[in-house]
Amino acid sequence: MTEQSPNASAMPTPTSADGHHPGGGAKWMLLLGSLGVVYGDIGTSPLYAMRESLLHAGDNPTDVEILGIVSLLIWALIIVVTLKYVVMMMRADNGGEGGTFSLLALAQSSLKTPSPVVLTLAIVGAALFYGDSILTPAISVLSAVEGLTTASPLPKSWVVPVTLVILTAVYVVQSYGTERVATFFGPIMLVWFAVLTILGVVHIFDAPEILWALSPTYALSFMFGHGIIGFTVLGSVFLAVTGAEALYADMGHFGRDPIRRAWLFCVLPALSLNYLGQGAMALTQPEAIENLFFLTAPEWARLPFVLLATLATVIAAQAVITGAYSLTRQAMMLGLLPRLEVTHTSETQHGQIYMPKINWLMLAGAILLVILFENSSALASAYGIAVVGTMFTTSFLAIVVIARVWKWGWWLAVLVMLPFIVIDTSFLIANLLKLFDGGYVPLLLGVVIAVMMWTWVRGTRILAEKVRKGSVPMVDLLKSLMKTSATRVPGTAIFLTSDPEVAPAAMLHNLKHNKVLHERNIIVTVRTLQRPYASPEERIKLEWMAEDFARLQICYGYMETPNIPKALAKAKSHGLKFDIMSTSFFIGRRSLRASAKEGMPLWQDNLYIGLSKQADDLIEYFRIPAGRVIELGSQVTL
């Protein structure tokens with residue numbers, strides 16, 4: 001059983017860049033890999049961001065309007081991605097890990113008591129990120145396959161079937177692991193960014209006056225001089241920064257420095273130059289706006305360019321997929337979701353994992369979206385709200401971290417984050433204008449996931465309270481055992497419990513029905529810290545309550561996978577005599593029943609029971625030898 005720790009010992013301010021310490025060659029491989037995984041999403045935004053922005057500006061945008069839109073796109077990259085995420089948020093790592101729940105862990109650990117407001121913000125942000133992780137693969141692949149119709153004889157009726165085949169392939173290869181995927185994807189994305197740069201530079205010479213767009217005055221003039229149209233376009237401009245949150249969530253996969261360098265020296269220059277090139281072409285060939293991106297390539301290179309774009313958009317899905325894996329594992333260990341199967345896919349990078357159930361659920365969601373919306377322009381209306389909602393909650397969580405963990409104080413923290421909150425608010429209002437054109441889809445997804453998390457947290461708390469009410473304190477049990485003569489059998493018994501202060505239900509059942517005790521009895525509690533990794537010194541804590549009874553606490557970080565046999569072997573150095581062949585593991589199985597009379601509403605009881613059935617088997621989760629396990633069941637009414 002695991003015990004979440006909302007008040008783990010205070011974490012030091014992060015000073016390590018990555019949490020990993022690779023050598024020079026490995027750093028370059030991580031940098032290249034980050035291009036293939038982290039920057040796939042934001043790297044393919046030129047396919048649709050400029051087109052959608054120009055189309056929302058009107059039928060025939062003027063030269064000044066084109067300059068304003070290009071300026072908005074470039075300054076969105078500079079302010080939102082570079083300043084907020086690359087410079088600020090990537091400093092707010094939790095032992096090398098990033099993302100919403102890393103912020104939650106940092107924030108909660110710095111507060112005297114856990115804050116329900118902070119928890120709610122984290123749940124909302126994470127739920128919306130899941131909506132983004134389903135939308136991004138759908139819109140990215142769909143937009144690229146649509147490009148095939150302009151450069152090949154592919155009929156438009158084939159767009160949806162081909163998209164579904166490619167999407168399925170993307171999710172099937174996930175089981176091979178981030179490292180292998182990144183090794184294959186990284187070089188392709190390097191070529192992609194090089195092509196974006198070349199095409200951008202070539203077309204800048206079509207209309208050199210496009211360089212005026214580098215001035216933020218054009219962005220501000222467009223925003224405040226076009227009324228509601230300015231906000232409508234801003235919702236499309238936001239498509240250019242939709243991979244920023246995934247950039248932060250994927251930090252544990254590659255480390256902070258490789259991701260930062262890849263952005264500053266490769267991705268940002270390539271995207272900026274490409275948007276300038278597209279803008280220059282729009283100035284000289286306004287009739288090309290509807291398919292602007294693909295028409296920037298010369299006719300002889302158009303088919304290879306479209307094929308490269310298709311590969312790049314397949315890669316774009318990778319950032320949010322791996323981000324969703326990391327987020328889910330953190331949610332599990334922090335007690336916000338049931339424990340699900342986690343497969344480690346790298347021997348050197350702890351953050352590289354694969355989660356089968358999450359993978360197939362995301363695939364099902366992406367397929368459903370493609371079938372419902374059928375084209376990328378329709379899907380673009382649904383895109384953005386989920387991402388900006390996540391960014392909005394991240395900004396508020398960051399205030400707590402800056403004020404309490406970095407110790408900058410509340411006033412300075414608010415002052416630093418206020419410009420980003422104003423920008424997030426502007427993007428949020430702009431995207432809400434698309435609410436009834438499909439923007440409700442990510443919100444519905446977010447609501448469903450948030451309700452699931454809220455139900456799991458609430459149900460787990462109610463279950464723990466019910467179990468504790470009917471429990472017997474360990475101190476009282478030990479006193480009563482001194483007065484009885486229970487039969488002793490050779491060997492060691494390990495009892496797993498989430499509360500070491502009370503007697504495990506499995507122990508009480510064993511005494512009641514079998515009337516026996518082992519020669520040595522160990523009460524084991526697995527505790528999850530609010531840090532990614534536990535130090536060797538805090539891993540094991542052994543306390544003898546009597547000659548034949550001991551309490552053993554095993555600590556893990558929220559990015560680690562528990563392994564009880566390994567921990568027991570390490571406990572030998574603390575004085576625990578342990579032989580796996582003479583040890584029995586006792587596990588209590590609870591059969592849950594819904595009740596409308598107490599606790600949660602009936603629908604929420606049933607949801608909690610359904611979620612609990614999706615949990616990975618306790619024996620497999622803790623890596624306990626199945627042949628040494630004795631299970632004893634009980635029934636609990638929620």
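Modeller: Contact means heavy atoms within 4.5 Å. This is a predicted model: local features need pLDDT of at least 70, side-chain atom pairs count only at pLDDT 80 or more, and totals for chains, interfaces and linings use all residues. Residues are numbered from 1 along each chain as its sequence is written, and side-chain values use heavy atoms, leaving out hydrogens and water.

Colleague: Is M90 buried or exposed?

Modeller: Find M90 in the loop between α4 and α5 (100-110). The relative accessible area of M90 is 0%. Buried means under 20%, exposed over 50% and partly exposed in between (1.4 Å probe, protein chains only), so M90 is buried.

Colleague: Which residues is M90 in contact with?

Modeller: Let's set aside its neighbours within four places in sequence. The partners of M90 are then Y85, L247, Y248, M251, R256, I259 and R260.

Colleague: What separates the C-alpha atoms of M90 and A282?

Modeller: Along the chain, M90 and A282 are 192 residues apart. Between their C-alpha atoms the separation is 35 Å.

Colleague: How are helices α4 and α9 oriented to each other?

Modeller: The axes of α4 (residues 63-88) and α9 (residues 216-225) come within 7 Å and cross at roughly 110 degrees. Angles of 65 to 115 degrees count as roughly perpendicular. Therefore α4 and α9 are roughly perpendicular.

Colleague: Which residues of α9 meet α4?

Modeller: From α4 come E65, L67, G68, I69, S71, L72 and W75. Facing them in α9 are P216, Y218, A219, F222 and M223.

Note on methods
Axes are lines fitted to C-alpha atoms, for helices over the stretch in contact, and angles run from 0 to 180 degrees between N-to-C directions. Helices (H or I, at least four residues) and strands (E, at least two) are DSSP runs, numbered from the N terminus. Angles under 35 degrees count as roughly parallel, over 145 as roughly antiparallel, 65 to 115 as roughly perpendicular and the rest as oblique.
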